[in-house]
Amino acid sequence: MSTPRTQPSPAGASTLAGKTGVSYNPYSMVACPCDAIVLRRTRYSESSLIVVVFTREYGRIDALAKGCRRERSPMRGHLDLFSREELLVFERERSGLDLV
């Protein structure tokens, strides 16, 4: 009886995809729901922020929150420092930043 062979993980595969058990596809983003605490906020552009969050499942995550500084954004008041939020983090393979 032979055991099934597993595919080697591609170079640069992220830790989020490995922990959720989702297979690797370089052309799609993996969505990871998590409960997070906001540790740092940095202005990125007129309407975006770079946030550093900490989760129990994945540890520290650096993410880009696009459009959250807009006046009518539904995320506008949710990414304050030390706030505990339930976030949906989208893993991006080409960048070191994930998306919130």
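Contact, as I use the word in this notebook, means heavy atoms within 4.5 Å.

**Entry 1: ground rules**

I am reading a predicted model, where local features need pLDDT of at least 70, side-chain atom pairs count only at pLDDT 80 or more, and totals for chains, interfaces and linings use all residues. Residues are numbered from 1 along each chain as its sequence is written, and side-chain values use heavy atoms, with hydrogens and water left out.

I looked up pLDDT, the predictor's confidence in each residue, from 0 to 100. The chain has a mean pLDDT of 78, with 72% of its residues at 70 or more. Over residues 1-13 the value stays under 50, and the model has three contacts beyond four places in sequence for this stretch. A reminder to myself: where pLDDT is low, the predicted coordinates should not be read in detail.

Which elements have the lowest and the highest mean pLDDT? Helix α1 (residues 15-20) has the lowest, 52, and strand β2 (residues 49-55) has the highest, 94.

**Entry 2: the layout**

Helices (H or I, at least four residues) and strands (E, at least two) are DSSP runs, numbered from the N terminus. I find one helix and five strands in the chain, in the order α-β-β-β-β-β. Of the contacts with a separation of 6 or more, 48% are between residues 24 or more positions apart.

**Entry 3: who pairs with whom**

Two strands pair if DSSP finds at least two bridges between them. I went through the pairs one by one:

- β1 and β2 run antiparallel and are joined by seven bridges; they form a hairpin with five residues between them.
- β2 and β3 are also antiparallel, over seven bridges, and their hairpin has three residues between the strands.
- β1 and β4 run antiparallel, with eight bridges joining them.

**Entry 4: inside and outside**

For this entry, buried means under 20% relative accessible area, exposed over 50%, and partly exposed in between (1.4 Å probe, protein chains only). Of the 100 residues of the chain, 32% count as buried. Strand β2 is largely enclosed by the rest of the structure, because five of its seven residues are buried.

Next I followed β4. In a regular strand the side chains alternate between the two faces of the sheet.

**Entry 5: the nonpolar core**

A nonpolar core is a set of buried Ala, Val, Leu, Ile, Met, Phe, Trp, Tyr and Cys residues joined through side-chain atoms within 4.5 Å. Which residues touch the most other members of the largest one? Of its 16 residues, they are V51, V53, I61, L79 and L87. The elements giving two or more residues to this core are β1 (30-43), β2, β3 and β4, and β1 gives the largest share, five residues. I also checked V53 by itself: leaving aside neighbours within four places in sequence, its contacts include A36, V38, I61 and L87.

**Entry 6: the loop between β3 and β4**

C68 lies in this loop. Is C68 buried or exposed? C68 is buried, because its relative accessible area is 2%. Beyond four places in sequence, C68 is in contact with S47, L49, S73, M75, R76 and L79. C68 and L49 are 19 residues apart in sequence, yet 6.9 Å apart in space, C-alpha to C-alpha.

S73 lies in the loop between β3 and β4 as well. S73 counts as buried because its relative accessibility is 15%. A polar atom of the S73 side chain lies 3.3 Å from the backbone oxygen of G67.

F82 has its place in the loop too, but F82 is exposed, with a relative accessible area of 62%. Most residues other than glycine have a negative phi. Phi of F82 is near 60 degrees, a positive value.

**Entry 7: one last residue**

T42 is found in strand β1 and is partly exposed, at 37% relative accessible area. Leaving aside neighbours within four places in sequence, T42 is in contact with L49 and I50.

Technical notes
A polar contact is a pair of N or O atoms within 3.5 Å; within protein, one must be able to donate a hydrogen and the other to accept it, and residues adjacent in sequence count only if both atoms are side-chain atoms.
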